[in-house]
Structures are given as C-alpha cells and as structure tokens.
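Q: Can you walk me through this one? I'd like the overall layout, then the details.

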Amino acid sequence: MNLSATSGLQPVKSESLSAQVVAALRSAIFAGHLAPGQALRELHLARDLGVSQATIREAPSQLERFGLVIRTPHVGTQVTRLSQEEVLERVELRLLLEERALMQAAARMDGPAFDTLRSLLGMLTQATRRNEYFEQAQADLAFHRLIWERSGNRTLYSMLDQLSVPLFAFVSIERGTQRRNLADVVESHEGIVEALRRGERGGIRKALRQHFEYGFPISRRD
C-alpha cells in the first residue's frame, strides 16, 4: 500500500534531495499529516517521497535541530509530542531561567544589539501576519536566543536552548494543525524589548510573564 494517500507526502522529483526531504517532512508535520508522537519510519518515508533510505536518514538530524522530532537511540524517531504536564514543566522552568537571562542581558545590551533585536522582531511580525507557523516559530526562537546570548552566560544559554527548542516546535505544530491565528504574538515581544531597555527587575518579570501568558498556560503549583 502506498502511504502517500494517507501521509500527505508527495514524491521528491528535483535536485537537492536532502533539503527537499526536510522541507517535505516539515510541511507534512505542520499540516497534521504527520501527527505529534507519530513514528517516522525510513522505509515508508523513502517510498512515499521516492528517494533512497540513505537520503531519508539525513533528515531526522535536521528536523531534530528545529525541535520537530525526538530521536531515541535504539527506538527510533517520532514527531515531537509533549503532554500538558511536560509543557507546563518546561514553561515554569523556562520562566525562571529566562528572567535571569533577561536581567543579565539588560546590562549588556547596546545599540547594535537592540537593532538586531528589532530586525528579528520585524521578521517575526511578517511571519505572524502571514500565519507562517514554522517561520514564526523560528523567528521567535531567534529573538529569544539573541537575548540569551547577550546574557554572557553560556551555560544558561545552553540550558534555555535545550529546554525551549522542543517547546517552540510543539506549540507551533499545535498552532499549525489547528490553523490558529498568530495575531497576538508580536505585542508581547514589544514588551520584552522595552523591559530590556529599562533594565528593571520588576518590569522584566512582568513583561516576561505577560509574554508567556500569550502562548502558554501558566499556573502555580502548591
């Protein structure tokens, strides 16, 4: 049985096969044809896309870099899926770590850094207006990565990146499959930029919490 009828994948026909395979799989994930938690099997994907298994084998590492899949040694590759509990745990921990990153970054931000941040915010705005879920998620992540980098704390950056990449990916997949409108995303980023300019802990904490409330459910545990 040809799985293309059910997977939504179309054979790759032209050159640059590796990049096209990644793009095809990414599109299928955001269209909901490859659902969160679904296993990606090389043989089936190679047959649907009309490429060799060797070509397919290169794709998971690229998709993993975007947080779109989770690879488990000796088990296989699955489309990223997080339970509500896992999302909440990552959000709560990220909120604590990112507040510290913003405080450290505020003391190190300069004119060029703010210019770059504004440029990334422009990219985020354009992707948001077009409801481009993957592009919006990548621009959003780049925006935050710049701030984490400006903290000057490489360990903190690494922890936030490892914690957040699957979270960004999963939320963007959910938005994409549900075709949710992204109109509210940009405003909360503006608040972060202004809070960084002022550099006040209370303002940073408030802006960050408001930002998270746009995209994630935040609740306190007793």
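A: A term to begin with: helices (H or I, at least four residues) and strands (E, at least two) are DSSP runs, numbered from the N terminus. Read along the sequence, the protein follows the pattern α-α-α-α-β-β-α-α-α-α-α-α. This is a predicted model, where local features need pLDDT of at least 70 and side-chain atom pairs count only at pLDDT 80 or more, while totals for chains, interfaces and linings use all residues. Residues are numbered from 1 along each chain as its sequence is written, and side-chain values use heavy atoms, with hydrogens and water left out.

Q: How many helices and strands are there in the protein?
A: The count is 10 helices and two strands.

Q: What share of the residues is buried?
A: Of the 222 residues, 44% are buried. Buried means under 20% relative accessible area, exposed means over 50%, and partly exposed is in between (1.4 Å probe, protein chains only).

Q: And contacts, what part comes from residues 24 or more positions apart?
A: Such pairs account for 76% of the contacts with a separation of 6 or more. Contact means heavy atoms within 4.5 Å.

Q: Strands next. How do strand 1 and strand 2 run?
A: Strand 1 (residues 69-72) and strand 2 run antiparallel, joined by four bridges. Two strands pair if DSSP finds at least two bridges between them. Ile-70 has Gln-78 in strand 2 as its bridge partner.

Q: What sits between the two strands?
A: Three residues separate strand 1 from strand 2, and the two strands form a hairpin. His-74 lies in that loop. Its phi is near 65°, a positive value in a residue other than glycine.

Q: Is His-74 buried or exposed?
A: His-74 counts as exposed because its relative accessibility is 88%.

Q: Which way do the side chains of strand 2 point?
A: Strand 2 covers residues 76-79, and its side chains alternate.

Q: Helices, then. How do helix 3 and helix 4 cross?
A: The axes of helix 3 (residues 42-49) and helix 4 (residues 53-65) come within 9 Å and cross at roughly 110°. Axes are lines fitted to C-alpha atoms, for helices over the stretch in contact, and angles run from 0 to 180 degrees between N-to-C directions. Helix 3 and helix 4 are therefore roughly perpendicular to each other. Angles under 35 degrees count as roughly parallel, over 145 as roughly antiparallel, 65 to 115 as roughly perpendicular and the rest as oblique.

Q: Which residues meet there?
A: From helix 3, Glu-42, Leu-43, Leu-45, Ala-46 and Leu-49 meet Gln-53, Ile-56 and Arg-57 of helix 4. By class, the contact of helix 3 with helix 4 has five nonpolar, one polar and two charged residues. Ala, Val, Leu, Ile, Met, Phe, Trp, Tyr, Cys and Pro count as nonpolar, Asp, Glu, Lys and Arg as charged, and the others, Gly among them, as polar.

Q: What about helix 7 and helix 8?
A: Helix 7 (residues 133-150) and helix 8 (residues 154-178) have axes that come within 9 Å and cross at roughly 160°. The two helices are therefore roughly antiparallel to each other. Among the contact residues are Tyr-133, Leu-141, Arg-145 and Trp-148 of helix 7, and Tyr-157, Asp-161 and Phe-168 of helix 8. The contact of helix 7 with helix 8 has eight nonpolar, five polar and five charged residues.

Q: What does Asp-161 touch?
A: Not counting residues up to four places away in sequence, Asp-161 touches Arg-145 and Trp-148. Asp-161 counts as buried because its relative accessible area is 19%.

Q: Where is Asn-131?
A: Asn-131 is in the loop between helix 6 (111-129) and helix 7. Although Asn-131 is not a glycine, its phi is positive, about 55°. At 23% relative accessibility, Asn-131 counts as partly exposed.

Q: Last topic, helix 9. Which of its residues are buried?
A: In helix 9 (residues 185-198), the buried residues are Val-185, Val-186, Ser-188, His-189, Ile-192, Val-193, Ala-195 and Leu-196. Gly-199 follows helix 9 and has a positive phi near 70°.
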